[in-house]
Amino acid sequence: MTTETLVPVDEALTRYDPVMGLEIHIELNTTTKMFCGCPTEFGAEPNTQVCPVCLALPGALPVVNAKAIESAIRIGLALNCEIAEWCRFARKNYFYPDMPKNFQTSQYDEPIAFDGHVDVEVDGETYRIDIERAHMEEDTGKSLHVGGSTGRIHGADFSLVDYNRAGIPLIEIVTRTIEVPGDKAAAVARAYVSYVRDLIGGLGVSDVRMDQGSLRADVNLSLKPKGSTTLGTRSETKNVNSFRSVERAVRYEISRHAGILDQGGSVLQETRHFHEDTGTTSSGREKSDADDYRYFPEPDLAPVSPSREWVEELRATLPEPPAVRRARLQADWGFSDLEMRDTIGAGALQLVADTIEAGATPQAARKWWLGEMARRANEQGADLDSLGITPLQVAEIQALIDAGRINDKLARSVFDGVIAGEGTPEEVIVGRQLEVVSDDGALGDAVDRAIAGDPDAAQKIRDGKQAAAGALIGAVMKEMRGQADAGRVRELILEKLT
Amino acid sequence: MTDLTRLSASELAAKLARKEVSSVEATQAQLDRIAAVDGDIHAFLHVDAEGALATAADIDSRRAAGEGLHGLAGVPIAVKDIVATKGMPTTCGSKILDGWIPPYDATITQRIKAAGLPILGKTNMDEFAMGSSTEHSAYGPTRNPWDRDRIPGGSGGGSAAAVAAFEAALAIGTDTGGSIRQPGALTGTVGVKPTYGGISRYGLVALASSLDQAGPVTRTVLDAALLHELMGGHDPMDSTSIDAPAPLVVSAARRADVKGLKIGIVKELGGEGFQAGVSARFNEAVELLTSAGAQVVEVSLPSLEYALAAYYLVMPSEASSNLARFDAMRYGVRVPPAGVDDPSAEQVMASSRDAGFGDEVKRRIIVGTYALSSGYYDAYYGSAQKVRTLLARDFAAAFEQVDVLVSPTSPTTAWPLGAKLDDPLSMYLQDVATIPANLAGIPGLSLPVGLADEDGLPVGLQFLAPQQADDRLYNAGAALEKLLEDKWGGPMLAQAPDLEVAR
């Protein structure tokens, strides 16, 4: 890797304004692929979900998945887009081993949805993001490079291709240029991706899992000198697999571009890869406007012309708009403005909602996701929904606490076990022997030993200083490795000494 | 005893239905004929004697059991090597697919199998249907049964020659710019390009998706109608397939009556550039139609002068993209680059395509890639699409005045092998009369109308009709066929030279 000259973001922003563009790819959760009847299940054995069409065998022809069109229209409507009365697919021609036809069936100048917008909130300010288009396309297969040290293509001994993903329906959402105050750019980018995740998750048309690739974001960024109106050369950062990474990628590219521009250099128009571990980007394929995909209308597919009646029917099925939903949830949950803003900012809105739905109280749900889970996510550099624990499990653990079977401290160990794949919360409790001991026999013996071990404290209690019980409770808890029912221990101590 | 190979498909079907002959006998007769003459003609790239006889035996036993069968059940058929046939090689006449055996059937293959037609084998063609002479096959040319030093036309020269040489009564062809009709004209057989969308393209290896159409190759108009009806109708696997009742082609072929029919002679498709013997036979045929009560007028299609140029932009553009899938990654021959250690996938793709594709295919991929390039798209592909719209309007206007249009199918009769091989433009010009139907998506039928005086070789006449009016072609074609056979005292192919039979 070449050494980059990086300028601290704050300093860079004194001289330059960032201009961003965000592209989000959404994998739809249709049961079959975009142009054939193959199943779309994630994680199947390689090359088991394929057929003549998605393998591009000679002579095979595509047929459009009507459900994918419906999902595309619903996404377009949710993004406040116009829905095309007539549009076509187009072929994007380029050679790549994991793309079976060596063209991607996509949409070019006739997208199904266009001219929309969404409003996202950062630090109490609302920013409007204009949507240029949302179009339909198909995913490619996946290459796996075997051998070598990096898992990348260079240095690999050989490569394998899995075509299960080839032909999975995708919606690509492209923003117009986003120009917001430089110090807000990274947060706005993150908030936008998070907003789109919630919006589309609410439609039920995609799993919107960044960690599984069903939501993928590309960050395009350029800098222009303050006061200038001329756009700079942009880089396109791919492989940005979490909300946090969106923010980091924006910040890194601001630093990197500023470093180049400060030295009088020019930014190369290229694709860059984001690295989660270092928070940096590295050069991928060089790209230029001369890159020629030789688009032309796909002659194997009939044009798509959704009737206005159908579009209106689909509009009527849209869930309430996010702003309305947020206001309703805040009222239902009794959250303060700050609590609500923190919940949204942490990308935890849906997780909290699902946890409450599963039976937890709003405050308990918020406490776990914004406390314990946020801490873990931060440590791992991951998003909350990729921690390996579900809202249902959080609700179950809270129920176990409410039932007195574990306490908050033990709960943390249960979370560890669930995340480590040791089973359900119940199984983890049994496996790790975490249950709170409230049996008077076992507790009584420990209490007796604690009293014997600390006569001073015992005397103070006998003298009416009940606050001294804390020292004895601590001793019992220590002996019981935290698994004692603290409330019962206190009762037993007081019974014995007063 | 009747020579079963000389029967038309409908005649053979009738004999099979009456149990006068068995399908095994008929199929064996065709296989014997193939064994006897195909060493010379080279109509077939692959013969499946075992499979064909197994189907025939199955049909015979089902017929014996009294099962209701399709009208063509047991009639052997030859299939152009561009149609996917499960378990049977499908090469498209290209080295790049040498040894590829499809794991699936084209829709038309399924329909043929379901109807119980024994598949004799796969017929030769110009590589990926690119050519008008079948000389561009990677497996050697097919020879014209009328004169074995001449080409049979193309790209479907194999199917046409097989039918003309009595190796099969039925064959399937595909027509992107004339590949069914022009070989039909040059071999004295009947060939039909149906309305675009009339017959499923699923499983036809694509040359140009917006132009390709499969159709029948036969010796009689009625046989063509029977095969057309069998293959046609909506297919949900092909998005461009027409979801509407198919034209009633068989009853039209049986009607065969042109009284009162309005026929338009296409002014631009005749005269200069057309061989004298071709024009003479064409004019006589038109006179016959007039004498039978048709009203003949001349019509003009002004945009026709741009059709050839538009075709040679649309076709290679779509082909350049359609042929991109032949990359040696999933199927087909893989040829690693010479002298490169640890080649990349891209290098293997490039060297395999270099080794696997012939010159004409490469020429068209290059032209198509160029025509679609950013900055050239509007001038080339875009303009060509506008010509298609203009041409479709011209045809629509013409069909307001007349029921069908006529022209010679090909400007010349069959030319000597090699004569145009180094002159692609002169080869492309052979398609001038057939290409417009593909560009406009309308149906066309070619049938033999005699032999040219100067060389004694077959001449074809083409009828054209509006989209979805394929029945008009069969009505007019069958009427003209009957008028001509009455005049000749039998079918024209009876005048074809006997082929030397290998022993």
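Residues are numbered from 1 along each chain as its sequence is written, and chains are lettered from A and ligands numbered from 1 in the order in which they are written. Because the model is predicted, local features need pLDDT of at least 70 and side-chain atom pairs count only at pLDDT 80 or more, whereas totals for chains, interfaces and linings use all residues.

Chain A contains 16 helices and 14 strands; helices (H or I, at least four residues) and strands (E, at least two) are DSSP runs, numbered from the N terminus. Along the principal axes, the C-alpha atoms of chain A fill a box of roughly 90 × 55 × 55 Å. The chain is divided into domain 1 (9–310), domain 2 (320–432) and domain 3 (440–497), with bounds that come from an automatic or database domain assignment. The centres of domain 1 and domain 3 of chain A, taken over C-alpha atoms, are separated by 61 Å. Of the 498 residues of chain A, 42% count as buried. A residue is buried if 20 or more other C-beta atoms lie within 10 Å of its own, exposed if 12 or fewer, and partly exposed in between, with C-beta atoms placed from the backbone. Two residues are in contact if their C-beta atoms, placed from the backbone, lie within 7 Å. Among contacts in chain A between residues at least 6 apart in sequence, 69% join residues at least 24 apart.

The C-alpha atoms of A:Pro46 and A:Asp162 are separated by 5.2 Å, although the two residues are 116 residues apart along the chain. When residues up to four places away in sequence are not counted, A:Pro46 touches A:Asp162 and A:Asn164. A:Pro46 counts as partly exposed because it has 15 C-beta neighbours inside 10 Å.

In chain A, 3 strands form an open antiparallel sheet in the order β4-β3-β14. Strands β4 (103–106) and β14 (296–297) stand at the edges with a single partner strand each, so one side of each is left without a neighbour in the sheet. Two strands pair if DSSP finds at least two bridges between them; strand β3 (residues 90–93) of chain A and β4(A) pair in the antiparallel sense over 4 bridges. Within β4(A), A:Gln104 is the bridge partner of A:Lys92.

The contact between the chains takes 26 residues from chain A and 34 residues from chain B. On the side of chain A that touches chain B, the residues divide into 17 nonpolar, 4 polar and 5 charged. Here Ala, Val, Leu, Ile, Met, Phe, Trp, Tyr, Cys and Pro count as nonpolar, Asp, Glu, Lys and Arg as charged, and the others, Gly among them, as polar.

For chain B, the UniProt annotation "domain: Amidase" (unreviewed entry) covers residues 25–473. Over residues 25–473 of chain B the chain is 38% helix and 13% strand, with the end C-alpha atoms 33 Å apart. UniProt also places the feature "active site" (unreviewed entry) at B:Lys80, B:Ser155 and B:Ser179. These residues are spread over 100 residues of sequence yet cluster in space, the largest C-alpha distance being 10.9 Å. UniProt positions are given in the numbering used here, feature names are shortened, and annotations may be inferred rather than shown by experiment.

B:Ser155 is found in the loop between β3 (119–123) and α5 (157–164) of chain B, and B:Ser179 in the loop between β4 (170–174) and α6 (181–187) of chain B. B:Ser155 is buried, as 34 other C-beta atoms lie within 10 Å; B:Ser179 also counts as buried, with 37 C-beta neighbours inside 10 Å. Leaving aside neighbours within four places in sequence, the contacts of B:Ser155 include B:Met125, B:Asp126 and B:Ser179.

Strand β9 (residues 404–408) of chain B is mostly covered, with 5 of its 5 residues buried. Strand β7 (residues 262–266) of chain B pairs with β9(B) in the parallel sense over 3 bridges, while 4 bridges join β9(B) to the antiparallel strand β11 (residues 458–464) of chain B. B:Val406 is the bridge partner of B:Ile265, and B:Phe463 in β11(B) is the bridge partner of B:Val406.
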